[in-house]
Amino acid sequence: MPLAETRNAIGVLTRLLAQQLAARTDATTVDVGRPEQSAQFGDAGPKLNIFLYSFQHDSHLRNTPLDRGQDAPIWLSLKFLLTAIDGERDSDSSAALDLLGQGMLALRDIGSQSPTELALLDNPEQIKISFDNSDVELLSAVMQGTDERYRLSSAFEVRPIMLTEVAGSGGAPLILSIGEVANPGILVLPSLGPRLDTVEPAAFELGNTITLGGGDLSADTVEVCFGDTCVVAPPADVTNRQVTVTVPGGLSAGSHAMTVRRTLPNGRLQSSNAALGRLRPTLQTATPGPLTASGANLFGSLDLTGERLGDGEDSVFVGFYRDGAVQLLLEVAGSAAQTGLTVSVDEPDALPSGSYRVLLRVNGEQALNAPLVNWS
């Protein structure tokens, strides 16, 4: 989903809370705003009111980006008050207190649900609802002013809410070689099952041959699993200390939990611990289409070909790199075949004429090849 939808996340979340509270309680309506304003105007009740009285920047995620090379999103913790108002516009009656209890239980249930709204769907963290202390100091500070009166309310917090857009200046072509690397020996220790220590190379492309090292890996039938996708290793490529396989198709670029699974004589499967393997996209060509001038700059399309370029569910970013920095970073939608991408540079993002390195990153993994494109 477009990350730009998250700019509406605060309003979307507030409306979602109001809708869910209305559906799960006896409230005839759920208002959004200051409690006293809800009590004085509109329907008499019984009703609930939610009031966003404060927010804080989430300290645990403050500098956490979604993807390398992007700016960190704004991560927020939203502070709300839940107030119940009966048919007499009172918040202290037993009827109002009944409704307040219903609302608190409803909030607890809402916190266990996964939102489907676009503005909240891309949030990589589970959105949590927790209750805060509703002491006299807090309520008195919020409900002050000539038209305000003290109303018993329940304070709660919703976190983390993400506000972001596609932006950033990080990224550079990957280093292809740093010289000859010696092959370290593998220490084998007694164990009750296969043990996986290394994946070499740690980052690979479709069709590459990789070697998994560890201990107690051999058996009559040995499989290497990339998450839920498993392939049988040829018996000639299996020893007690290492297994060699070819990276299969059907995977998306990104990080995969790799395991070695062997079949014991009794037919039971025995799996190793997991090690991280990183499948890179393979970028072969980058060809610009017809370009249109916008002042001194140019905009148009760029066609990319290769393997594992991302499907509709993957996170795909294309960067135009020049003069030591990424000049433009775009989010791109993939396709089921994962062999081609079309990058649209719109007029507001028009680039100066010149040569650019094209950087492709799929699910956090960058393609080794960064073809040079003449944007002119």
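**View A. Helix 3 on the sheet.** Helix 3 lies across strand 2, strand 3, strand 4 and strand 5, and runs at about 155 degrees to strand 3. That angle is taken between N-to-C directions on a scale from 0 to 180 degrees, with axes fitted to C-alpha atoms, for helices over the stretch in contact. The model is predicted, so local features need pLDDT of at least 70 and side-chain atom pairs 80 or more, while totals for chains, interfaces and linings use all residues. Residues are numbered from 1 along each chain as its sequence is written, and side-chain values use heavy atoms, with hydrogens and water left out. Helices (H or I, at least four residues) and strands (E, at least two) are DSSP runs, numbered from the N terminus.

View B. Which residues of helix 3 are buried? They are A96, L99, L100, G103, A106, L107 and I110. Seen down the axis of helix 3, these buried residues fall within an arc of 125 degrees, so they line one face of the helix; the arc is that of the directions from the helix axis to the C-beta atoms. On the other side, S94, D98 and R108 are exposed. Here buried means under 20% relative accessible area, exposed over 50%, and partly exposed in between (1.4 Å probe, protein chains only). The buried residues of helix 3 pack against helix 1 (9–24) as well as strands including strand 2 (47–57) and strand 3 (74–85), where a contact means heavy atoms within 4.5 Å.

View C. Five strands make an open sheet in the order 1-2-3-5-4, with mixed pairing; two strands pair if DSSP finds at least two bridges between them. Strand 1 (29–32) and strand 4 stand at the edges with a single partner strand each, so one side of each is left without a neighbour in the sheet. From one strand to the next, the twist averages 30 degrees. Strand 4 and strand 5 run antiparallel, joined by four bridges, and S130 stands opposite E157 in strand 5. Helix 1 packs on this sheet too, touching strands 1, 2, 3, 4 and 5, and its direction makes about 135 degrees with that of strand 5.

**View D. Two cis peptide bonds.** One joins R159 and P160, with omega about -15 degrees, and P160 sits in strand 5. Another joins E200 and P201, with omega about -10 degrees. P201 is found in the loop between strand 6 (195–200) and strand 7 (203–204).

**View E. The disulfide.** C225 and C230 form a disulfide, with their sulfur atoms 2.0 Å apart; the rule asks for a pair of cysteine sulfur atoms within 2.5 Å, and the count comes to one. The torsion about the S-S bond is about 105 degrees, so the disulfide is right-handed. C225 is buried at 3% relative accessible area, whereas C230 is partly exposed at 27%.

View F. Buried or exposed, which is R308? R308 is buried, with a relative accessible area of 10%, in the loop between strand 16 (297–307) and strand 17 (316–322). D323 is exposed at 69%, and its place is the loop between strand 17 and strand 18 (325–332).
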